[in-house]
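Subject: Handover of a structure for your review

Dear colleague,

Please find below the structure that I am passing to you.

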Amino acid sequence: MTLSQPKKPRSALIIAGSSALVSLAVQTDSNHVRAVAISEQLVADQRTILVPSDVFVETLNVLGKQSGHTVALQAAAILR
């Protein structure tokens with residue numbers, strides 16, 4: 001007999017991390033293509049994504065430093 005991990009329900013909440021959000025926003029990021037693919041799948045599956053306030057702030061700080069304030073403001077508008 002083998003034990004398998006239980007399948008996660010489709011409605012399971014996803015908690016976003018700043019690294020994933022930065023990868024999604026920055027086209028030159030090494031994980032950008034993967035982040036886009038995952039985000040498209042999450043949208044198709046109608047999953048709920050929670051962005052904790054500290055992740056929101058950290059993402060905007062990193063984007064502001066790496067890509068400029070315009071990109072950070074655009075991300076803020078989308079994430080709100």
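Contact here means heavy atoms within 4.5 Å. By that criterion, among contacts in the chain between residues at least 6 apart in sequence, 62% link residues at least 24 apart.

Please note that this is a predicted model, in which local features need pLDDT of at least 70 and side-chain atom pairs count only at pLDDT 80 or more, while totals for chains, interfaces and linings use all residues. Residues are numbered from 1 along each chain as its sequence is written, and side-chain values use heavy atoms, with hydrogens and water left out.

The chain holds 4 helices and 2 strands (DSSP runs numbered from the N terminus, helices being H or I of at least four residues and strands E of at least two). Read from the N terminus, the order of these elements is β-α-α-β-α-α. Of the 80 residues, 22% count as buried (under 20% relative accessible area with a 1.4 Å probe, protein chains only; exposed is over 50%, and partly exposed lies in between).

I would draw your attention to helices H3 (residues 53-67) and H4 (residues 69-79), whose axes come within 7 Å and cross at roughly 150° (axes are lines fitted to C-alpha atoms over the stretch in contact, with angles from 0 to 180 degrees between N-to-C directions). H3 is therefore roughly antiparallel to H4, a term used for angles over 145 degrees. On the H3 side, Phe56, Thr59, Leu60, Leu63, Gly64 and Ser67 take part in the contact, and they meet His69, Val71, Ala72, Ala75, Ala76 and Leu79 of H4. These residues comprise 8 nonpolar, 4 polar and no charged (Ala, Val, Leu, Ile, Met, Phe, Trp, Tyr, Cys and Pro count as nonpolar, Asp, Glu, Lys and Arg as charged, and the others, Gly among them, as polar).

The largest nonpolar core has 7 residues: Val22, Val26, Leu60, Leu63, Ala72, Ala75 and Ala76. Such a core is a set of buried Ala, Val, Leu, Ile, Met, Phe, Trp, Tyr and Cys residues joined through side-chain atoms within 4.5 Å. H4 supplies the largest share of this core, 3 residues. Setting aside neighbours within four places in sequence, Leu60 touches Ala72, Ala75 and Ala76.

Finally, Gln46 lies in the loop between helix H2 (32-44) and strand E2 (49-50). Its phi is near 55°, a positive value in a residue other than glycine. Gln46 is exposed, with a relative accessible area of 68%.

Yours sincerely

Terms used
Parallel < 35°, antiparallel > 145°, perpendicular 65-115°, else oblique.
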